[in-house]
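Please look at the sequence and the structure below. The report that follows goes through some of the local features, one group at a time.

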Amino acid sequence: MVSELINANPIVYEKKERRDRSAPSVEDEYTAEPIDQLEIFDHIRDIKDPEHPYSLEELKVITEDAVEVNDERSYVRVRFTPTVEHCSMATVIGLCLRVKLMRCLPSRYKVDIRVAPGSHATEAAVNKQLNDKERVAAALENPNLVDMVDECLAPSYA
């Protein structure tokens, strides 16, 4: 993925066991099903790190507690913590999170992706890039960046 590693030896954590999600009984097929924190976490937990062969969950870049959902207001916030405070891949990780949620959530949701407070040297700049629609759209027009994002989002069969 990347030729020169920023964090050559990251700490790898054990993945949490997946919890069964009982299917809600839907009385009307047109009724919107509520989305909760666990569902969002399940969507993003297996995204691969751009530098390492581990998931964002295994590197504790994302945790279930870092996901906030307000289903009534159609709002999702994900805070992620890069493995090092000068991580040059922070914007790519954030873009991967945003693209994954754009692809799996209904369009009515507002998604807010942020670096956890105090976890990155250029936190404000990264947050601004990740939540600016025009910057995100421009990034998604770059074929090399889209390839990197798609590689991070590709399912892992390991």
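## Asn-131

Asn-131 is partly exposed, because its relative accessible area is 26% (buried means under 20% relative accessible area, exposed over 50%, and partly exposed in between, with a 1.4 Å probe and protein chains only). Asn-131 sits in the loop between helix H3 (123-130) and helix H4 (133-139). Helices (H or I, at least four residues) and strands (E, at least two) are DSSP runs, numbered from the N terminus.

If neighbours within four places in sequence are left aside, Asn-131 is in contact with Arg-98, Val-111, Asp-112, Ile-113 and Arg-114; contact means heavy atoms within 4.5 Å. The side chains of Asn-131 and Arg-98 are joined by a polar contact of 2.6 Å, and those of Asn-131 and Asp-112 by a polar contact of 3.4 Å. A polar contact is a pair of N or O atoms within 3.5 Å; within protein, one must be able to donate a hydrogen and the other to accept it, and residues adjacent in sequence count only if both atoms are side-chain atoms. Asn-131 and Leu-95 are 36 residues apart in sequence, and their C-alpha atoms are 9.4 Å apart in space.

## About the model

This is a predicted model, in which local features need pLDDT of at least 70 and side-chain atom pairs count only at pLDDT 80 or more, while totals for chains, interfaces and linings use all residues. Residues are numbered from 1 along each chain as its sequence is written, and side-chain values use heavy atoms, with hydrogens and water left out.

## Arg-77

Asp-112 also has a polar contact with Arg-77: their side chains are joined at 2.8 Å. Arg-77 lies in strand S2 and is buried, since its relative accessible area is 18%. Its side chain makes another polar contact, of 3.0 Å, with the side chain of Tyr-75. Beyond four places in sequence, Arg-77 is in contact with Ala-66, Val-67, Glu-68, Asp-112 and Arg-114.

## Helix H2 and its partners

Two packed helices are described by the angle between their axes and the distance between the axes. Helix H2 (residues 90-104) and helix H5 (residues 143-153) pack at an angle of about 70 degrees, with their axes 10 Å apart. H2 is therefore roughly perpendicular to H5 (angles of 65 to 115 degrees count as roughly perpendicular, under 35 as roughly parallel, over 145 as roughly antiparallel and the rest as oblique). The contact involves Val-92, Leu-95, Cys-96, Val-99, Lys-100 and Arg-103 of H2, and Leu-145, Met-148, Val-149, Asp-150, Cys-152 and Leu-153 of H5. By class, these residues are nine nonpolar, no polar and three charged.

H2 and H3 pack at an angle of about 35 degrees, and their axes are 10 Å apart. Ala-90, Thr-91, Gly-94, Leu-95 and Arg-98 of H2 meet Val-126, Gln-129 and Leu-130 of H3 in this contact.

## Two positive phi values

Most residues other than glycine have a negative phi, and most peptide bonds are trans. Lys-60 is not a glycine, yet its phi is positive, near 55 degrees. Lys-60 lies in the loop between helix H1 (37-44) and strand S1 (67-70) and counts as partly exposed, at 43% relative accessibility.

Ser-74, not a glycine either, has a positive phi of about 55 degrees. Ser-74 is in the loop between S1 and strand S2 (75-80). Is Ser-74 buried or exposed? Ser-74 is buried, with a relative accessible area of 11%.

Terms used:
Axes fitted to C-alpha atoms, helices over the stretch in contact; angles between N-to-C directions. Nonpolar A, V, L, I, M, F, W, Y, C, P; charged D, E, K, R; others polar.
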